[in-house]
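Thanks for taking a look at this one with me. Below are some numbered notes to read alongside the structure.

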Amino acid sequence: MKATIHPFAVLKDFLGPEVSLELETGQSVKDVLSILRSNYPAASDVLNTCRVAIHEEFVSQDVQVADNEHIYILPPSSGG
Amino acid sequence: MKSTLLDTEILTNIAQVTNEPINLQELLARAEDPKAGAAVIFSGTVRNHSHGKSVSHLDYEAYIPMAEKIVKSVIEDAQKQWELHSVICMHRVGSVAVGESAVVVITCSSHRDDAYKANRYIIDRVKHEAPIWKKEFFTDGSSEWGHNCGCFGH
């Protein structure tokens with residue numbers, strides 16, 4: 001099962017513009033974040049503060065990821 | 001409380017993220033409403049100093065579809081709480097120079113109390129909730145991602 005991670009802002013400095021992950025069926029957003037923390041340990045602190053969005057809605061960490069999902073990882077806002 | 005007279009009126013309601021410089025005059029013209037006795041304008045501009053350093057410019061990034069969705073929903077929430085004849089929130093992405101507007105909120109109502117309160121409500125929520133980020137570029141060549149909102153779990 002594949003997922004594409006779209007990081008934003010400072011997170012791009014650690015993950016690059018996009019990350020492709022291979023996942024097992026039934027894995028959740030929480031699992032995705034664990035994998036990212038493991039693959040990119042320097043991004044851990046930032047990842048801990050991020051919101052996650054799928055299909056333009058914020059999702060909780062227990063949401064299961066579908067095949068070919070696009071997952072948007074959003075650090076705390078600093079607009080305005 | 002909304003008056004029934006206004007229920008079927010068309011309301012100017014704009015929530016937008018733009019790559020172009022914000023034209024305040026043009027936005028004010030769009031916000032104009034003969035029912036309004038008050039227009040409150042907030043313009044968030046790039047200041048020339050931050051963290052004790054001299055700023056050259058700011059780069060704004062956004063997850064645009066969600067940012068516009070959230071700004072729109074904040075505006076709608078404001079309309080439920082205050083009687084607004086027009087409301088505009090426009091936020092920049094891209095490079096914004098010192099002195100330029102990064103975000104503008106315009107609220108128009110019959111009386112100023114609603115316009116002031118709604119305006120403050122909108123900018124506070126947009127800053128906190130919209131997926132928009134600024135990167136500060138300093139005149140010494142360094143740069144840093146902004147960190148207004150240290151919260152998590154909203």
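1. Let's start with Ser77(A), which is buried, its relative accessible area being 1%. In chain A this serine sits in the segment after strand S5 (69-74). A polar atom of the Ser77(A) side chain lies 2.6 Å from the backbone oxygen of Ala130(B). Please keep in mind that this is a predicted model.

2. Now for the contact as a whole: chain B puts in 27 residues and chain A puts in 22 residues. The area buried between chain B and chain A comes to about 2100 Å², and carbon and sulfur atoms give 55% of that.

3. How many salt bridges are there between chain B and chain A? The count is two. You can find a salt bridge where the side chains of Glu57(A) and Lys69(B) meet, at 2.9 Å from N to O. As for polar contacts across the interface of chain B and chain A, the rule finds 16 residue pairs, with both residues at pLDDT 80 or more.

4. Which parts of chain B form the side that touches chain A? At least two residues each come from strand S4 (53-62), helix H2 (64-81), strand S7 (101-109), helix H3 (112-129) and strand S8 (132-138) of chain B. Of these contributors, H2(B) gives the most, with four residues.

5. A word on the cysteines. Over all chains, the count of disulfides is zero by this rule. In chain A, Cys50(A) is buried, with a relative accessible area of 4%.

6. Finally, two backbone angles in chain A deserve a look. Glu56(A) is not a glycine, yet its phi is positive, at about 60 degrees. This glutamate lies in the loop between strand S3 (51-54) and strand S4 (57-59) of chain A, and at 31% relative accessibility Glu56(A) counts as partly exposed. Asn68(A), not a glycine either, has a positive phi of about 60 degrees. You will find Asn68(A) in the loop between S4 and S5 of chain A. Is Asn68(A) buried or exposed? At 52% relative accessibility, Asn68(A) counts as exposed.

Note on methods: Residues are numbered from 1 along each chain as its sequence is written. Chains are lettered from A and ligands numbered from 1 in the order in which they are written. This is a predicted model: local features need pLDDT of at least 70, side-chain atom pairs count only at pLDDT 80 or more; totals for chains, interfaces and linings use all residues. Side-chain values use heavy atoms; hydrogens and water are left out. Contact means heavy atoms within 4.5 Å. Buried area is the accessible area (1.4 Å probe) that two parts lose on being put together, summed over both. A salt bridge is a side-chain nitrogen of Lys or Arg within 4 Å of a carboxyl oxygen of Asp or Glu. A polar contact is a pair of N or O atoms within 3.5 Å; within protein, one must be able to donate a hydrogen and the other to accept it, and residues adjacent in sequence count only if both atoms are side-chain atoms. Buried means under 20% relative accessible area, exposed over 50%, partly exposed in between (1.4 Å probe, protein chains only). A disulfide is a pair of cysteine sulfur atoms within 2.5 Å.
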